[in-house]
Amino acid sequence: MNAITAESILEELDHQYPCNQDEMNFLKFRNPFELLIMTILSAQTTDVTINGLRDELFSAYPDASSLARADPLDVERIIHSAGFYHSKTKNIIGAAKMLEENFGGVVPKTIEELTTLPGVGRKTANIVTNHGFHDACGIAVDTHVRRLSQKIGFTQHTDPDKIETDLMTLFSKKWWSKINFLLISHGRAVCTAKKPDCMKCIIRHNCQSYICRGEE
Ligand code: SF4
């Protein structure tokens, strides 16, 4: 797919799912520390679940210092509903300790530094730089972004890092902070994993999956 067509698809989705910068993350965080911890916890579960445990978690552990010294059993009880609570507890306490030891208790602003923290890969690091610091250094590739990018024809790859590279090549930087929100919104509303509603899809005329099925 060429860049002009690809950008026209995002423009249509942008029209369909309007939002401002503060609405582009589905996690209701109040500072970069909360965003980092909530994003680590959000793996394999819903944003609604993580938003629901936010207040109890951060009233007990409002910063890296308090979380680094937390009793793992107390943290496990609070985040139990997030699933994988044992490994997630280990990761967020480990991340808090590393923030204390290596970054003065402050969430770092670069992908390279963020990905040194336990439980933090490129996807999480991209979310933190983009939404925590309004600096889109890359594109967060989650399950929605991966699935829709393949269906629409933005990429042929399955590996998230390669998909991210394809998207960064295809789109100008002005889209990097928004593409994740637009594809997640479309993936939830129309192009669901179970049953994409192609007849209601505003971008079907350019969607490779739809066109290849010979429906247009
Ligand atoms: S046309 Fe169908 S497969 Fe393509 S993006 Fe729309 S809903 Fe998804």
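Reader: Hey, at what angle do the axes of H9 and H11 cross?
Author: The axes of H9 and helix H11 (residues 179–189) cross at roughly 80° and come within 8 Å. That makes H9 roughly perpendicular to H11, a label for angles of 65 to 115 degrees, while under 35 counts as roughly parallel, over 145 as roughly antiparallel and the rest as oblique. Axes here are lines fitted to C-alpha atoms, for helices over the stretch in contact, with angles from 0 to 180 degrees between N-to-C directions. This is a predicted model, where local features need pLDDT of at least 70, side-chain atom pairs count only at pLDDT 80 or more, and totals for chains, interfaces and linings use all residues. Residues are numbered from 1 along each chain as its sequence is written.

Reader: OK, and which residues in H9 and H11 meet?
Author: On the H9 side they are His 144, Val 145, Arg 147, Leu 148 and Ser 149, and on the H11 side Asn 180, Leu 183, Ile 184, His 186 and Gly 187. Contact means C-beta atoms, placed from the backbone, within 7 Å. By class, the contact of H9 with H11 has four nonpolar, five polar and one charged residues. Ala, Val, Leu, Ile, Met, Phe, Trp, Tyr, Cys and Pro count as nonpolar, Asp, Glu, Lys and Arg as charged, and the others, Gly among them, as polar.

Reader: Is Leu 183 buried or exposed?
Author: Leu 183 counts as buried, with 27 C-beta neighbours inside 10 Å. The cut-offs are 20 or more other C-beta atoms within 10 Å for buried, 12 or fewer for exposed, and partly exposed in between, with C-beta atoms placed from the backbone.

Reader: What does Leu 183 touch?
Author: Leaving out residues up to four places away in sequence, Leu 183 touches His 144, Val 145, Leu 148 and Ser 149. Leu 183 and Ser 8 are 175 residues apart in sequence and 14 Å apart in space, C-alpha to C-alpha.

Reader: Switching topic: how many helices and strands are in the protein chain?
Author: The protein chain has 12 helices and zero strands. Those are DSSP runs numbered from the N terminus, helices being H or I with at least four residues and strands E with at least two.

Reader: And what's the radius of gyration of the protein chain?
Author: It's 18 Å, close to the 17 Å that the globule rule gives for 216 residues, so the chain is as compact as a globular protein of that length. That radius is taken over C-alpha atoms, and the rule is 2.2 Å times the number of residues to the power 0.38. Buried residues make up 37% of the 216 residues.

Reader: What about the ligand, which residues come nearest?
Author: Of the 13 residues around the ligand, Cys 191, Cys 198, Cys 201, Arg 204 and Cys 207 come nearest. A residue is near a molecule or strand if its C-beta atom, placed from the backbone, lies within 6 Å of it.

Reader: Which elements give two or more residues to that shell?
Author: Helix H9 (143–152) and helix H12 (208–212) do. The shell around the ligand has nine nonpolar, one polar and three charged residues.

Definitions and conventions. Contact = placed C-beta atoms within 7 Å.
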